[in-house]
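Subject: Structure handover

Hello,

Here is the structure I promised. Please open it and keep it beside this email while you read.

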Amino acid sequence: MSFRFLHLADLHLETHFGGREGTRENLREATHAAFARAVDYAIEHQLHALLAAGDLFDDPILSVRTELFFAGQLKRLAQAGVWFLAACGNHDPGGASFRTADLGVENERVRFFRGPAPELLRVTDRDGAPVGAVIGAGHASDQESANLAAAFPHVPGSLPVVGLLHTSVESAKSAADHDRYAPSTRSDFERRPYAYWALGHIHLRQQAVPGLPVHYPGNLQGRNPRETGAKGGLVVEAFAGASAEPVFVRFARVRWERVPVRGLPASASFDELASSLARCIDAQPRESDERLALRLELEGETPLASRLRSRGELEPLAEDLAARTGALEVQLRTQRVALPLDRKLLRESPSVLAEALALIERAGSDDALLAELAPAELALAVDAGAARLAYLRELLAGLPEELTLRGVEAEAT
Amino acid sequence: MRFRRLHAQVFGVLRDRAFELPPEAALIFGANESGKSTFRSALETILYGFDPAHREEHELALWDGGAGGDLKLEALIERENGLPLRVERELLSRGRLRWTEGEADFTGPRLGNTPLECVSGLSRALFRAVYSLELEQLAKLDGDVQAHVDELLLPQACALPLRPIAELRNELRKAHQSLWRPDRRGNTRANELLEEARRQRKLLGEAAARERELRDARAEQANLGSEIVALESQRRELDRAHDDAPFLGRLHEWKRRSHALGSPVDLAGLGEFAFADPALLASEIASCKEAEREPNARLARAPEALGEPERAVLAAAADIELAGPLAGEHRSEAQRRDALREDLLALQAGAARDVSALLGRKATPADLDAARTLALEALRTAHANWAAARSAPVGSLLGPNPFRPLVAAVASFALAAVFAWLAPALGVFASGLVFGAAALGSMAVLAAIVASRRPSPAPPQLAGLLAGIAPAAGLLDSPEGLLRVIERLERAQETLAKLRACEAADAALAAALRTREERIERLCARLAIAGEGDVEARVARLSEALRRSREREQRVELDRQERLRAQEKLEALRPGRERLEAQLERVEAVLRSIEPQATGSAAFARVEVRLRETRSLAELEADLRRDPRFSGCEHDARVAASRDPLAAEWTPEAMSRREGERAACMQALTAAHARHGEITSLLREDPGSRQARAADLVRAAEDDLAETQRERDRLALLDSIVTRAEHAFREQHQPDVLRRAGAYLERVTHGRWRKIAYSEGPGGGLFVTGGEQGDERLAIRPLSRGTLDQIFLCLRLGLLDHLDEGRERLPLVLDDALLRMDDARRAAVYELLSEISRRRQVFLLTCQEWIASEAERALKLRRITLTD
């Protein structure tokens with residue numbers, strides 16, 4: 001007897017999006033639609049359960065409409081005899097003062113793991129026969145710092161056992177990009193020979209611990225250019241005493257991609273540049289039901305470098321590209337765009353510009369000099385000390401090209 | 001380059017004025033308004049062109065209203081390579097340039113108002129600020145020129161075209177100050193975004209409030225759901241009570257009344273009869289008898305019958321009715337016969353009158369018979385023959401026909417008239433011929449007269465034809481007389497024929513009248529009706545008898561029918577009365593059995609009340625039993641007969657109270673449903689994610705703000721770095737300009753001030769080093785005007801050297817620039833200018849005689865006086 005379930009995580013249903021208004025609305029809708037598609041999939045394939053490993057919601061204060069939508073989907077699952085099991089994460093903590101504690105959607109087939117103590121639940125099929133055991137634990141607060149995985153018990157028996165947890169596995173890829181909540185390590189999972197660990201928190205789909213059935217499905221719908229690629233869930237068929245191998249199923253209709261663009265046209269024609277970028281976008285593979293949201297990272301020398309640094313020039317270009325290619329969103333990053341110049345000559349000729357470039361270089365490695373050069377008062381409020389220096393270094397990073405663009409006569413290019 | 005000749009054909013006050021200029025230095029002297037400034041402007045115009053380039057705008061073109069013609073200058077310039085350059089500038093509608101190498105004539109088209117090639121890269125403004133100076137301009141360096149000079153003071157040597165550092169710094173400063181300022185002043189982008197972020201946060205708060213409202217509404221909806229369930233339950237109870245209470249009330253009423261009634265009234269003794277009031281029955285019986293009284297009286301009277309005469313008359317009714325029209329017919333026929341008889345008498349008189357006239361005496365009946373039978377055709381034949389015989393001798397002039405002689409007479413008289421007309425032609429014979437013809441005519445007239453009077457005898461057969469008729473004398477003497485006889489006879493025969501027809505009709509009428517009279521007489525006799533009087537009187541009597549008989553017949557029939565009806569009525573009334581009598585008997589028996597103590601109507605009334613109650617209860621019971629609730633409620637204690645009806649829950653008061661509760665419940669339910677629907681709509685129409693959307697905008701504003709602040713810090717850092725770099729660069733590379741200027745200043749001030757320094761930024765500017773202590777560094781502001789003039793002159797001299805590095809050295813023009821210098825320093829300046837004039841041409845312009853004289857001596861110049 002196998003235990004078949006769909007593993008989702010990090011739905012972030014009420015996310016605050018950036019970008020243009022149309023993009024924000026599309027993404028908001030796409031997140032809901034992706035969850036509805038996942039539910040459809042679970043019902044259609046008669047899975048035993050849908051496991052959500054935390055962060056169902058982005059904001060603890062859900063809108064009523066989203067709450068109704070969520071309740072509606074759970075009702076559909078319950079009517080189809082599919083279990084819905086969710087472990088609370090840092091965005092939807094299960095403590096009594098948080099929204100998840102009072103959703104009012106639970107029934108005999110809907111269960112939330114709200115507290116840090118692991119709870120065991122036997123999942124049955126539609127006829128009431130047990131098919132698997134799920135051990136789950138949740139974040140009681142939005143800043144859970146304890147290692148919850150360490151407390152998961154060993155469960156003997158003939159049923160396949162699945163661990164459900166929202167955790168930051170330290171060895172996982174891009175773990176550093178996420179807050180370190182409920183941290184766990186490889187040893188936590190090695191000690192419990194579960195058939196599968198359904199984790200959440202890291203938005204990058206991956207096997208979190210090599211050699212062990214510990215998986216992040218990634219978030220359900222990419223929300224920004226950092227969350228690229230196809231997004232969806234993992235379909236798992238678990239057997240007792242064996243490690244399960246998940247299969248990815250795409251549910252998201254909007255896919256974010258970051259596209260490095262090198263070899264910019266040598267001409268100073270904006271139209272030519274736009275055509276070149278549009279070709280790059282068109283070359284991106286996509287599914288028929290997918291819409292792309294792209295961040296184009298331009299790199300290289302172009303006579304248009306100065307204009308490409310201007311927001312007033314970039315935004316119309318991005319909108320034009322979106323209109324040309326049908327992409328949902330196009331963002332342009334041009335920090336690495338430069339004028340075609342002999343930089344060695346610029347640096348070596350006696351000039352204030354060369355002096356300033358040298359000064360920037362020295363300040364990069366001389367904190368005292370950097371502090372001396374910094375404006376007396378900064379507009380962005382940062383703490384004094386290391387944070388201030390880090391901020392100043394961050395500011396310093398783009399200055400050489402900025403100075404070059406501003407200091408050299410545009411006609412020179 | 002050096003100006004060797006300047007020819008101002010038309011240029012302000014300078015008109016056709018040619019100046020031969022020395023190659024090193026020239027002293028231009030002139031009083032005010034003599035053209036010194038114009039001369040300076042002419043030099044600049046030769047180098048850079050007209051300014052402005054349009055004739056309509058150039059002040060010198062307008063100087064005399066254009067009376068002198070277009071502005072025109074020509075110059076001969078000696079270049080540093082030794083080649084001469086002739087230049088001509090003319091301000092037509094726009095400035096024009098012609099130039100040629102050497103002394104050759106100008107060829108080729110005129111060029112535009114462009115600067116000469118030897119001044120390219122050096123702006124007119126810079127030329128004015130550095131090369132061509134007057135006293136007031138000496139200490140002024142402003143705007144772009146200042147920036148350029150600043151830049152010149154930075155001797156950068158980059159192969160790439162760099163923007164002026166001052167321009168870059170200004171741009172950076174403006175940029176980061178437009179984004180954010182430490183003093184928080186101004187309408188910076190950061191302030192705008194802060195305001196936007198505040199606004200969006202406020203909207204976020206409103207969105208959160210709205211979400212809370214929706215959540216409250218949702219909670220309210222959930223509560224309403226429970227409330228609706230409770231109200232529905234209550235309403236069902238009240239509905240049930242509403243539905244059951246009347247039934248229970250009726251059930252209770254039935255039981256209570258049944259209990260009060262006791263045993264039911266038994267009317268079995270009535271049999272088939274209804275239970276009725278005996279008094280009423282007796283009254284009805286009396287009424288029946290009263291109704292029988294009248295038909296009985298009718299039947300008691302003797303019946304009406306017809307007599308024999310009346311029967312006979314009625315039997316002959318058809319004949320009598322026919323006699324009426326006969327009487328009228330008879331009367332009209334009698335009247336017609338009377339008229340006929342009058343006609344008969346008139347015809348007889350007429351026939352007698354005609355025959356009498358023929359005969360000439362009174363005609364007898366025999367004459368009339370004879371006249372009626374005469375053959376008139378034969379008489380007409382005889383008359384024709386006679387008349388023919390009378391006109392028989394046709395060829396004789398005297399014959400019986402008198403017309404022929406008359407014709408002859410007319411012809412003769414006509415001939416006579418012809419002869420008389422022809423008398424002149426005929427001559428002597430004329431009168432004879434006229435006479436003869438007249439005589440012949442007269443004779444013919446006479447013959448006609450004779451012929452007309454000649455008698456004719458009657459035909460012999462005429463008497464036979466008139467057998468029995470002897471016409472009066474003379475009638476048969478001529479055919480005309482005979483014709484009159486025939487005509488009279490014919491009229492008499494016609495009258496007699498009519499007479500005979502009248503007589504026949506009269507006889508027929510008389511016979512008919514007699515027949516009718518006899519018939520009426522026989523009818524009267526048969527009916528014993530008096531026969532006296534005429535037919536009409538008899539018929540009237542017959543009709544009267546018939547009318548009376550018929551009236552009698554009708555009375556008999558009416559009587560019969562009345563009797564019949566009376567009989568029928570009696571037959572109809574009798575069974576009812578008999579039934580009422582039987583019913584009365586039964587009712588009295590039943591009443592006696594039920595109410596022995598009472599009698600009559602009183603007993604009946606009591607029994608009837610009980611009877612009505614019994615029936616009402618029976619109906620009520622039947623009705624109640626039809627209700628399916630009956631079996632369930634029949635034994636319910638609430639409906640027991642002994643229960644106090646006032647305490648029952650189905651009393652009107654209790655029911656009214658419950659109705660009130662039910663109405664209130666319904667109202668509350670309706671309100672709850674309405675509110676529930678409102679909330680459902682509210683939730684359905686809610687776009688959702690309000691807070692997330694608002695938070696998007698807050699985040700966007702905050703991101704924008706952070707990005708703006710980061711951008712400001714970046715630009716401010718860059719500004720700081722550039723400033724620091726510039727400072728370091730200046731420190732590291734002492735500008736050649738300042739060094740040269742310092743050297744000039746040291747010579748001019750005789751060593752008092754040795755060095756000029758320049759720094760940018762706040763507190764920056766020009767500094768001089770020297771003074772009493774020798775190393776004093778002073779900002780130039782507090783120095784005297786004369787010293788300032790010397791500093792700026794030296795700075796310009798340093799700039800000249802720097803600017804002309806590697807290019808044609810342009811002339812230096814000083815317009816009374818030395819006025820505020822003391823004698824010693826002015827002398828030093830002259831010495832310096834003398835030295836400079838060996839490298840570049842120097843023009844000294846002055847209106848001061850003493851300056852001019854002094855310069856002439858110091859520089860060994862030949863004065864060029866503008867007023868010459």
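Two strands pair if DSSP finds at least two bridges between them. Helices (H or I, at least four residues) and strands (E, at least two) are DSSP runs, numbered from the N terminus. This is a predicted model, in which local features need pLDDT of at least 70, side-chain atom pairs count only at pLDDT 80 or more, and totals for chains, interfaces and linings use all residues. Residues are numbered from 1 along each chain as its sequence is written, while chains are lettered from A and ligands numbered from 1 in the order in which they are written.

Chain A

Start with the open sheet in chain A. Three strands form it, in the order 15-16-17, with parallel pairing. Strand 15 and strand 17 (329–338) of chain A are the edges; each has a single partner strand, so one side of each has no neighbour in the sheet. Neighbouring strands are turned by 15 degrees against each other on average, direction ignored. (Axes are lines fitted to C-alpha atoms, for helices over the stretch in contact; angles run from 0 to 180 degrees between N-to-C directions.)

Now look at one pair. Strand 15 (residues 254–262) and strand 16 (residues 291–301) of chain A are joined in the parallel sense over nine bridges. A:W256 stands opposite A:A293 in strand 16 of chain A. From strand 15 of chain A, the chain crosses through helix 4 (residues 270–282) to strand 16, a right-handed β-α-β crossover. Right-handed means that, with the strands pointing away from the viewer, the path from the first strand over the helix to the second runs clockwise. Another facing pair is A:V259 and A:L296, the latter in strand 16 of chain A.

Chain A has eleven helices and 17 strands in its secondary structure. Of its 413 residues, 47% are buried. A residue is buried if 20 or more other C-beta atoms lie within 10 Å of its own, exposed if 12 or fewer, and partly exposed in between, with C-beta atoms placed from the backbone.

The cores

A nonpolar core is a set of buried Ala, Val, Leu, Ile, Met, Phe, Trp, Tyr and Cys residues joined through C-beta atoms within 7 Å. The largest one has 98 residues; A:A38, A:L50, A:L51, A:V162, A:L164 and A:L199 touch the most other members. Helix 1 (residues 21–44) of chain A gives this core its largest share, seven residues. A second, separate core has 72 residues, including B:Y48 and B:L797.

Chain B

Chain B has 25 helices and 13 strands. Here 27% of the 868 residues are buried. Five strands form an open sheet in the order 7-11-12-3-13 (chain B), again with parallel pairing. Its edge strands are strand 7 (132–134) and strand 13 (863–865) of chain B, each pairing on one side only. The twist averages 20 degrees from one strand to the next.

Where the chains meet

How many residues of chain B are in contact with chain A? The count is 50 residues of chain B, against 45 residues of chain A. Two residues are in contact if their C-beta atoms, placed from the backbone, lie within 7 Å. Helix 21 of chain B provides the largest share of the chain B side, 25 residues.

Best wishes
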